[in-house]
Amino acid sequence: MSHARRSQPQASVDTASSLAILEGRLGYRLEPALLVRALTHRSYAYENGGLPTNERLEFLGDSVLGLVVTDTLYRRHPDLAEGQLAKLRAAVVQARALAEVARGLDLGAFVRLGRGEEGTGGRNKASILADTLEAVIGAVYLDQGLSAADELVHRLFDPVIERSSNLGAGLDWKTSLQELSAAESLGVPEYVITETGPDHEKIFTAAARVGGETYGTGTGRSKKEAEQQAAETAWRAIRAAIDGEQGHAAADGAPVA
């Protein structure tokens, strides 16, 4: 089954053939009405007489995903403290990571969207893709049971778990920057946000300031993404300055902290 990412999601195709294609990528045949509901965004439901939306399935799938990922991390990282496990889990199940997995399935091509969301690029919105993926996981759980849902989550998310396990400070750049600046008595990081573009295509720019000095900037489609990028740039800049000072101290024969 192909998980290759498409550069641009296609418009939704005929329901029967669409479901068959998606089921092939998921590796499970599901009760058709259940899968259709998992793919039904509220914008489509409201425009078509109040159909059932995928929100309840999303709620369920979120819990199933969290359970499988938490269990996996607990078993694979027996030496990690609770706080580190929580950071690692957050990195795996964040909306951006879920959206990337969804794009690997080309899930956006199968979502049932209202005209408004369709017109503003809803098929490629991270929030819609992440929510739909959770709804699909919930549908697999209901139709096939926890064992099937567990297998699906592992197949889709094990690479994400592996990458996240190697991130170190990158698990949460904002927290890492706050910890580093506190350890160096530099002050509490602050973020100055600016935004450009129309409402449906806003670009956010964040400047990370510590002790009144800007150490890094970042951009993204959300404030959170921009802040994380700015925090990463700032963390690396401060870390490099600290390492440079320690290197000079060592060269001069002074004790290194």
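**Pocket lining**

I started with the lining of the second largest pocket in this predicted model, and sorted its residues into five nonpolar, two polar and three charged. My classes: Ala, Val, Leu, Ile, Met, Phe, Trp, Tyr, Cys and Pro are nonpolar, Asp, Glu, Lys and Arg are charged, and the others, Gly among them, are polar. Ten residues line this pocket, and Glu 100, Val 101, Gly 104, Leu 156 and Pro 159 lie nearest its centre. H6 and H9 are the elements that give two or more residues to the lining. H9 has the largest share, with five residues.

I put the volume of the second largest pocket at about 180 Å³. For the record, a pocket here is an open set of points on a 1 Å grid over the protein atoms alone, where a 1.4 Å probe fits, with protein on both sides within 12 Å along at least five of seven lines; lining residues have an atom within 4 Å of a point. Points are joined across faces, edges and corners, and the volume is the space filled by probe spheres set on them.

Ground rules I kept to: residues are numbered from 1 along each chain as its sequence is written, and side-chain values use heavy atoms, with hydrogens and water left out. As this is a predicted model, local features need pLDDT of at least 70 and side-chain atom pairs count only at pLDDT 80 or more, while totals for chains, interfaces and linings use all residues.

**H6 against H9**

Next I looked up how helix H6 (residues 95-104) packs on helix H9 (residues 146-165): the angle is about 130 degrees and the axes are 11 Å apart. Helices are DSSP runs (H or I, at least four residues), numbered from the N terminus. Axes are lines fitted to C-alpha atoms over the stretch in contact, with angles from 0 to 180 degrees between N-to-C directions. H6 and H9 are therefore oblique to each other; under 35 degrees would be roughly parallel, over 145 roughly antiparallel, 65 to 115 roughly perpendicular, and the rest is oblique.

Which residues of H6 and H9 meet? I found Ala 97, Leu 98 and Val 101 in H6 against Leu 156, Phe 157 and Val 160 in H9, where contact means heavy atoms within 4.5 Å. That contact divides into six nonpolar, no polar and no charged residues.

**H4 and its partners**

I then took helix H4 (residues 55-76) and helix H8 (residues 126-144), whose axes come within 6 Å and cross at roughly 80 degrees. That makes H4 roughly perpendicular to H8. Among the residues in this contact are Leu 57, Gly 61 and Asp 62 of H4 and Glu 134, Gly 138 and Tyr 141 of H8. I sorted the contact into nine nonpolar, two polar and four charged.

With helix H5 (residues 82-93), the axis of H4 comes within 10 Å and crosses at roughly 135 degrees. That makes H4 oblique to H5. The contact includes Leu 65, Val 69 and Leu 73 of H4 and Leu 85, Arg 89 and Val 92 of H5.

**Glu 117**

Last, I checked Glu 117, found in helix H7 (residues 115-119). Not counting residues up to four places away in sequence, Glu 117 touches His 41, Ser 43, Gly 122, Lys 125 and Ile 128. Glu 117 and Ile 128 are eleven residues apart in sequence and 9.7 Å apart in space, C-alpha to C-alpha.
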